[in-house]
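Reader: I've got a model open and I'd like to learn how to read it. Can we take a residue and then the fold around it?

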Amino acid sequence: MPGLFIIAHAPLASALKLAAAHCFPEAAQTLQVLDVQPNLPPDEIEAQARLLLARAIESDERSEALILTDVFGATPCNTVQRLADGVRVKVITGANVPMLWRALNYAAEPLDTLITRAVAGGTQGVMQIATSRPHNQVIQATHDQDHRHHQQ
């Protein structure tokens with residue numbers, strides 16, 4: 001079972017952990033998160049990330065970890081790219097709630113399978129939906145001077 005670590009611009013990592021706790025309270029307790037503050041020096045961010053990554057991996061049943069980060073090319077992603085080896089520790093960018101929930105739901109899967117499921121959850125969770133008014137709802141007429149909105 002891979003460990004899970006989220007590093008993102010503040011307060012996204014903590015917010016994602018709260019979202020995880022909503023549906024997966026026991027799994028959220030082991031989830032490591034780091035909110036990157038804008039005023040932190042890069043070496044301090046890396047030191048904190050290194051410590052939290054070690055916590056994500058250190059366990060009797062864990063020897064690998066999946067890191068979720070928010071934006072490719074930004075400080076959180078650049079930091080963990082230096083820490084991940086691509087074998088035992090892998091990184092996915094574009095973290096969102098569907099991605100996280102999918103990762104938590106399939107946390108017992110091997111790391112490569114977990115990555116496939118998490119990416120699928122993240123991409124399938126992004127869609128445009130129809131936003132129509134409920135049927136049989138009457139539009140209230142206003143008494144404004146602008147008659148362009150009234151049907152002719």
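Reader: Leaving aside neighbours within four places in sequence, which residues is His9 in contact with?

Author: Keep in mind that this is a predicted model. Skipping the residues within four places, His9 touches Asp35, Val36, Asp70, Ala74 and Pro76. With Asp70 there is also a side-chain polar contact, at 2.6 Å.

Reader: Is His9 buried, exposed or partly exposed, and why?

Author: Go by relative accessibility: partly exposed covers the range between under 20% (buried) and over 50% (exposed). His9 comes out at 34%, so it counts as partly exposed.

Reader: Okay, on to the fold. Which strand holds His9, and what is the strand order in the sheet?

Author: His9 sits in strand 1. For a sheet, read the order across it and then the direction of pairing. Here four strands form an open sheet, ordered 2-1-3-4 and paired in parallel. Strand 2 (32–36) and strand 4 (89–93) are the edges, each pairing on one side only. On average, neighbouring strands are turned by 20 degrees against each other, ignoring direction.

Reader: How many bridges link strand 3 and strand 4?

Author: Five, with strand 3 spanning residues 65–69. As an example, Ile67 has Val91 in strand 4 as its bridge partner.

Reader: And which strands does helix 3 lie across?

Author: Helix 3 (residues 42–57) lies across strands 1, 2, 3 and 4, at about 165 degrees to strand 2. Helix 6 (residues 111–124) lies across strands 3 and 4, at about 5 degrees to strand 4.

Note on methods: Residues are numbered from 1 along each chain as its sequence is written. This is a predicted model: local features need pLDDT of at least 70, side-chain atom pairs count only at pLDDT 80 or more; totals for chains, interfaces and linings use all residues. Side-chain values use heavy atoms; hydrogens and water are left out. Two strands pair if DSSP finds at least two bridges between them. Helices (H or I, at least four residues) and strands (E, at least two) are DSSP runs, numbered from the N terminus. Axes are lines fitted to C-alpha atoms, for helices over the stretch in contact, and angles run from 0 to 180 degrees between N-to-C directions. Contact means heavy atoms within 4.5 Å. Buried means under 20% relative accessible area, exposed over 50%, partly exposed in between (1.4 Å probe, protein chains only). A polar contact is a pair of N or O atoms within 3.5 Å; within protein, one must be able to donate a hydrogen and the other to accept it, and residues adjacent in sequence count only if both atoms are side-chain atoms.
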